[in-house]
Amino acid sequence: MEVLEKLKILADAAKYDVSCSSSGSTRANKGGLGNATAAGICHSWADDGRCISLLKILMSNKCVYDCAYCVNRLSNDFPRAEFEPEEIVELTINFYRRNYIEGLFLSSAVTRNPNYTMERLVKVVKKLRLEENFHGYIHLKGIPGADEKLIREAGLYVDRMSINIELPTTNSLRLLAPQKERKEILAPMKFIKNQIDEHQLQKRRDESFVPAGQSTQMIVGATNETDYHIVKISEALYNRMSLKRVYYSAYVPVNNHPAIIPHEVPPLQREHRIYQADWLLRFYGFQADEILSPEHPNLDMLVDPKCQWALRNLNLFPMEVNRVSFLELLRIPGIGNTSARRIMAARRFGPVSYEDLKKMGVVLKRAKYFITCKGQYYGMGDIEPMRLKMALLDKPKQSQLMLSDLYPDVFNKGLAVGGAHGLLT
Ligand code: SF4
């Protein structure tokens, strides 16, 4: 098979991996320029905010595993291809020289066995670094079950590594990916974390190990875990594995068979809300148990998770923006990291005014219900939670809201709602 033919198949097969930030678009091109759905080159962001274009491909889609949610599963009947390591090296260098890409995102199905696959992946990155003197960005997927020696060797030549957690629980993994074992996924993650820590501790100048850190990907909606479950797992991964990112991928029903897998796409809004909750974990000092709980296990599709938290904790508001701490500012809907830092900086020179807040990037249409500024409140007075929720809706023009949208918990339990009339006007 020609290299270009392989490229077409293996770039397309890589599109389901969302660990590159530009994946997942479905916008169609009706005769215009460009194609957001075409796979092949994706974008990622460096720590300093630079956008990097990456050649995003699989080394092989000839998988010996049969994960029910995956297009590359053994029992699927569709075109298969496999690159030789030398072919990937040549493609990368050629594309780099033509200025098409600045780096490589390389993953692979499990061909023969995890060690065989990982050895070939290592061969690619070693050739690029040692023989081609390539210094561009490399993100490599680690293969669960591969020997630690191979994971370590790969880590010495790549910038970022990721081992996909795939599904939130051991039971889900057993159900949909019976050939994978949870411990075979977590062990290399832990190993990478320990190696990164060790290298940072020793401040080794002679070699670096996964300097851009590790990430993972979790599929959402293929099994019945709640958002609470998912957010708790992400929190544990951030805390115990020091992951840079958990990427969430709304399940795409690529297989009709078998019966154990849903045939419907989970709402994209769910993936969006989980990303927002993840943001609260990483940058806003929230804990998973504050965002959700066994009693409120799913994120509200109508308002973002920070507003949801605020609505459940109205007793903490309003907060006086000129007095509260940085961490408390971060808890106010409409105040982000940047605006909180600006408020703290400005407060050193005197109290900030309501007009100042706008200039600092505070989203006042949300924040006004939760703050006082120089002692003055600009919200709606003694507002009850459901009316406040209406005021905070992501899409305020939405007029056809159902009671079940506003009271999902109540309706899920099949209980009657009393006294809600008048709130939906
Ligand atoms: S091992 Fe990876 S490529 Fe193979 S079927 Fe499972 S998810 Fe797909």
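## A tour of the predicted model

Start by selecting Arg112: with a relative accessible area of 62%, Arg112 is exposed, because exposed means over 50%. This is a predicted model, so keep that in mind at each stop. Arg112 belongs to the loop between β3 (103-107) and α3 (114-131). Look at its backbone too: Arg112 has a positive phi of about 60°, although Arg112 is not a glycine.

Next, select Lys374. Is Lys374 buried or exposed? Lys374 counts as exposed, at 55% relative accessibility. You will find Lys374 in the loop between β9 (371-373) and β10 (376-377). Lys374 is not a glycine either, yet its phi is positive, at about 50°.

Now select Cys373, which is buried because its relative accessible area of 2% falls under 20%.

Move on to the ligand, which sits in the largest cavity. Which residues are around the ligand? Select Cys63, Tyr65, Cys67, Tyr69, Cys70, Asn72, Arg73, Ala109, Val110, Glu166 and Lys180. This shell divides into seven nonpolar residues, one polar and three charged. Click on Cys63, one of the residues around the ligand; Cys63 counts as buried, at 12% relative accessibility.

For a backbone stop, select Phe317 and Pro318: the peptide bond between them is cis, with omega near -5°. Pro318 is in the loop between α10 (305-312) and β8 (319-320).

Finally, zoom out to the whole protein. Its secondary structure comes to 17 helices and ten strands, and buried residues make up 51% of its 425 residues.

Definitions and conventions
Residues are numbered from 1 along each chain as its sequence is written. This is a predicted model: local features need pLDDT of at least 70, side-chain atom pairs count only at pLDDT 80 or more; totals for chains, interfaces and linings use all residues. Side-chain values use heavy atoms; hydrogens and water are left out. Buried means under 20% relative accessible area, exposed over 50%, partly exposed in between (1.4 Å probe, protein chains only). A residue is near a molecule or strand if one of its heavy atoms lies within 4 Å of it. On a 1 Å grid over the protein atoms alone, a cavity is a set of points where a 1.4 Å probe fits but cannot get out, and a pocket is an open set with protein on both sides within 12 Å along at least five of seven lines; lining residues have an atom within 4 Å of a point. A molecule sits in a cavity or pocket if more than half of its atoms lie within 2 Å of its grid points. Ala, Val, Leu, Ile, Met, Phe, Trp, Tyr, Cys and Pro count as nonpolar, Asp, Glu, Lys and Arg as charged, and the others, Gly among them, as polar. Helices (H or I, at least four residues) and strands (E, at least two) are DSSP runs, numbered from the N terminus.
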